[in-house]
Amino acid sequence: MTPMRPTRVLLVEDSPSDVLLTRDALEARGRFRVISADRLRGAIERLDESPVDAILLDLALPDAQGLEALLTLRRRAPDVPVIVMTARDDEELGLRAVQEGAQDYLIKGRSDEDDLGRAIRYAIERAYIEDSLRQQKEFVDGLIESARAIILVLDPAGNVVRFNRYLEELSGRSLEDVRGADWFALMLPEPDRARERASFLEALGGAAPRPTVTRLATRDSGEREITWTYKALKDGRGRAAGVLAVGNDITELREAQRRALQAERLAAIGQMLTVLAHESGNALSRSQACLEMLGQKVADRPEAVDFIGRIQKAQDQLHHLYEDVRGYAAPIHLEREPCDLAVVWAQAWSDLSALRRGRDAEVAHHDRGLDLACSLDHRRMVQVFRNLLENSLAACKDPVRIRIHCDGAEIEGRAGIRVAVRDNGPGLGTEQRQRIFEPFFTTKSRGTGLGMAIARRIVEAHGGTMAVGDGPCNGADSGAEFVLILPRESS
């Protein structure tokens, strides 16, 4: 069996007789090895030369008085336990030393060999336990601060005790600003408060409430959906000292579920409309043939011919409606190829030549020399820009001026291009800004209101985003702006 290594003790004492007595007392049984220094400076030199397990420190040294030596050694060797030695009438100083980090204090002349050895061993054990607890605390604190979930601690009254950096990032509120405030009244919307407080009280009473979902206002004036679980925190006597609340942001999950459900519904609608469009197409074709024959029969009756023309026009609109709805509901399959975005919107503008004939209208773009190459479906993206440009032509009075600004961007960690399309028209009203991408929403006298909804679906199918710009709403020449962010390459 390997013999145990003696405990190394640094004795900082300027009295030779006290050094001799202490050394003899500790080294008598071979369990301790004592090195000594009679000055603070000498003690620091000894620590530099070799590590020690504990320090015995006299608080009255020639080059340091009172707590000065203790504080210096604590800074120099924070993990080494220090036991201070005081004179008979300095017991108050010993207590202050413990408050400043000393593990214990001994009064000279009152401690025998066993007391001294026991004090050193206990000091080392306490220092080890404290260090272990500190490391555990640092580990837990690190987990809390780095967790991509909300970690929130509330006192029994529901007031904020602590929360992590993730909640600060999400809400835009710092812990110091809201510490001690009523969490439910301050951070949750009014409709959710009573339910969440009830779950909190249920957890405080020792029960395990079911997870709940609330909204949480964010720093950018938006809202996130958060699912919460609550668990009581107990004190040393087993009494409820507060509640730990863990919140997970499920906004993207809910949005993904919504989109998946919408995709399923659209697929079902698309299948139904395919059959409906086919059958109605046959019926419309027969109706059209009958109308043409009827037109020949009543060619000498202008009023009847006018009615027939109106019926044919209504049939054409019905046919276009079927095609638009089927196009919106059908799955989008992309045929990607390397494309230059400038070529894409130039094609869209060319396609609208008949619509802008005789009008003062122009498109200009600013890209600051940016490479506009992307991997995308040329035909689909021409459809997107054609829809945007056609809307501008419909909304703006002459002269129509449409400006396209391009900048570099990043989307989901990938390189992309930001394209902002702005016109000089009357701009968008509040309702238009909120509903512009809703299917069948339109302010035009004609049209199905599916153009912008389809355009956004095409952009999102490319892995991009499409949104209303941050420009003003209504006002003279305020203009409408739409912002597209497209990845350069497919994911």
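A: What follows is a walk through that part, from the strands to the helices and then to single residues. This is a predicted model, in which local features need pLDDT of at least 70 and side-chain atom pairs count only at pLDDT 80 or more, while totals for chains, interfaces and linings use all residues. Residues are numbered from 1 along each chain as its sequence is written, and side-chain values use heavy atoms, with hydrogens and water left out.

The sheet is an open one, made of five strands in the order β14-β16-β17-β19-β18, with mixed pairing. Strands here are DSSP runs of E with at least two residues, helices are runs of H or I with at least four residues, and both are numbered from the N terminus; two strands pair if DSSP finds at least two bridges between them. At the edges stand β14 (361-366) and β18 (465-468), each with a single partner strand, so one side of each is left without a neighbour in the sheet. From one strand to the next, the twist averages 20°. The partner of β14 in the parallel sense is β16 (residues 400-411), with six bridges between the two, and within this region H365 has I404 of β16 as its bridge partner.

Helix α13 (residues 378-395) lies across β14, β16, β17 (414-422), β18 and β19, and runs at about 170° to β19. Helix α15 also packs on the sheet, where α15 touches β18 and β19 and makes about 140° with the direction of β18. For these values, axes are lines fitted to C-alpha atoms, for helices over the stretch in contact, and angles run from 0 to 180 degrees between N-to-C directions; contact means heavy atoms within 4.5 Å.

The two helices also pack on each other, α13 and α15 meeting at an angle of about 145° with their axes 9 Å apart. On the α13 side the contact is made by R380, M381, Q383, V384, N387, L388 and N391, and on the α15 side by G451, M452, I454, A455, I458 and V459.

P399 is found in the loop between α13 and β16, and the peptide bond from D398 to P399 is cis, with omega near 0°. In the loop between β16 and β17 lies E412, which has a positive phi, near 55°, in a residue other than glycine. E412 is exposed, with a relative accessible area of 71%, where exposed means over 50%, buried under 20% and partly exposed in between (1.4 Å probe, protein chains only).

Finally, there is an aromatic pair. Rings of Phe, Tyr and Trp (its six-membered ring) pair if their centres lie within 6.5 Å, with planes under 30 degrees apart counted as stacked, over 60 as edge-to-face and the rest as tilted. By this rule there are four aromatic pairs. In one of them, the rings of F437 and F482 have centres 6.2 Å apart and planes at 80°, so the pair is edge-to-face. This pair links distant parts of the chain, 45 residues apart, with F437 in the loop between α14 (430-435) and α15 (451-461) and F482 in strand β19 (residues 481-487). F437 counts as buried at 12% relative accessibility, and F482 counts as buried at 9%.
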